[in-house]
Amino acid sequence: NKESNEDILVSNVDDGVLTITLNRPKAYNALRNNALQEIVNELEKVENDNNIKVVIITGGKKVFAAGADIKEMAQLNVVGLLNDIRPVFWRKIAAFPKPIIAVVNGFALGAGCELMMHCDIVIVGDNAQIGQPEINLGIMPGLGGTQRLLRTVGKSMAMQMVLSGEFINAEQAKNFGLVSEVTLPELSYSRALTLAKVIAQKSPIAVRIAKESLLNAYETTLEAGLASERKAFTLLAATEDRAEGIAAFMEKRKPVFQGQ
Ligand code: HXC
């Protein structure tokens, strides 16, 4: 691992929350391989760090990410794409077990929209412009922009976005369930931080298993999903956090979860 990052800034000054800020403004935070590598390195560092409960990924107030780095992508022929390391990075982001909140202001395009969809909760500024414009380059989305998008916004809107390349705004994204809240751009990060701190107070085991169970809904039938949900729910009965949560309720006090 490198000593310092070139494409991202990392901060963990807030209790239990790690913030990763995409920081290559001159390229509208285009996600070159190095940026993905740096994100993955930071996630790997905190995966087993009990002090970090939630991760926020943002691009700052103006732009989230304008896509894969088109200049870098242009170098890859079909063999280059077959051997591309990028899918490995994306799988690692998708498999990160703690909650990730995306804070999206301005453009979230192509791989930027796909990164947003890898996150568990999305808060956007009202200046957000979200799209899958790959069709304009004679290509198509390759990192979930047909699969995760369709499962979230439904067929008609997914077709519209992917086939026309047109962007949708914050309000549309909210109406279609792609994002959960719209704020003023200058308030989106603080809203996400408040939410992150709320989640950071919960039992980390319950949060982890609940995230896993929710994501499992994408993968399975209702019957199998319900069966595995029930097993996960039952498993949590073995934790001290469950005993603490219930005891705190009975004693009318705030629970203190230890992650045990
Ligand atoms: C590399 C990019 C970039 C990108 C913007 N820039 N997007 N560089 N890759 N995806 C750079 C521009 O080259 C320019 O740098 C600077 O950022 C500002 O961009 P402008 O175009 O001058 O700004 P503006 O006129 O405001 O337009 C903003 C924009 C436009 C609408 C976001 O830049 C745009 O359409 N970008 C491409 C969006 C896109 O197609 N994304 C999907 C990428 S494909 P210079 O140095 O010239 O000033 C993808 C595929 C994933 O994500 C699938 C992989 C398998």
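A salt bridge is a side-chain nitrogen of Lys or Arg within 4 Å of a carboxyl oxygen of Asp or Glu. The exercises below apply this to a predicted model.

**Exercise 1.** Decide which residue forms a salt bridge with E44, and state where the two partners lie.

Solution. 
Step 1. The partner of E44 is K92, with the closest N and O atoms 3.3 Å apart. The cut-off is 4 Å, so the pair qualifies.
Step 2. E44 belongs to helix α1 (residues 33-47), while K92 belongs to helix α4 (residues 86-94). The two are 48 residues apart, and the pair links distant parts of the chain.
Step 3. Buried means under 20% relative accessible area and exposed means over 50%, with partly exposed in between. E44 has a relative accessible area of 41%, so this residue is partly exposed. K92, at 39%, also counts as partly exposed.

**Exercise 2.** Describe the salt bridge between R191 and E181 and the elements that it joins.

Solution. 
Step 1. The side chains of R191 and E181 meet at 2.7 Å, N to O.
Step 2. R191 sits in helix α9 (residues 188-200) and E181 in strand β9 (residues 181-183), so the bridge ties together parts ten residues apart in sequence.
Step 3. R191 has 27% relative accessibility and counts as partly exposed. For E181 the relative accessible area is 27%, which means partly exposed again.

**Exercise 3.** State how many salt bridges the structure holds, and which residues are linked with R32 in a network.

Solution. 
Step 1. The total is ten salt bridges.
Step 2. R32 is linked with E6 and D7 in a network of salt bridges.

**Exercise 4.** List the residues of the nonpolar surface patch that includes I139, and place I139 in the chain.

Solution. 
Step 1. The patch consists of I70, M73, L137 and I139, which together have about 320 Å² of accessible area.
Step 2. I139 is in the loop between β7 (129-131) and α6 (147-153).
Step 3. Patch residues need over 30% relative accessible area. I139 is at 35% and counts as partly exposed.

Conventions:
Residues are numbered from 1 along each chain as its sequence is written. This is a predicted model: local features need pLDDT of at least 70, side-chain atom pairs count only at pLDDT 80 or more; totals for chains, interfaces and linings use all residues. Side-chain values use heavy atoms; hydrogens and water are left out. Helices (H or I, at least four residues) and strands (E, at least two) are DSSP runs, numbered from the N terminus. Buried means under 20% relative accessible area, exposed over 50%, partly exposed in between (1.4 Å probe, protein chains only). Patches are made of residues with over 30% relative accessible area and no salt bridge: like charges are joined within 9 Å, nonpolar side chains (Val, Leu, Ile, Met, Phe, Trp, Tyr) within 5 Å. Accessible areas come from the Shrake-Rupley method with a 1.4 Å probe; for residues, only the protein chains shown count as cover.
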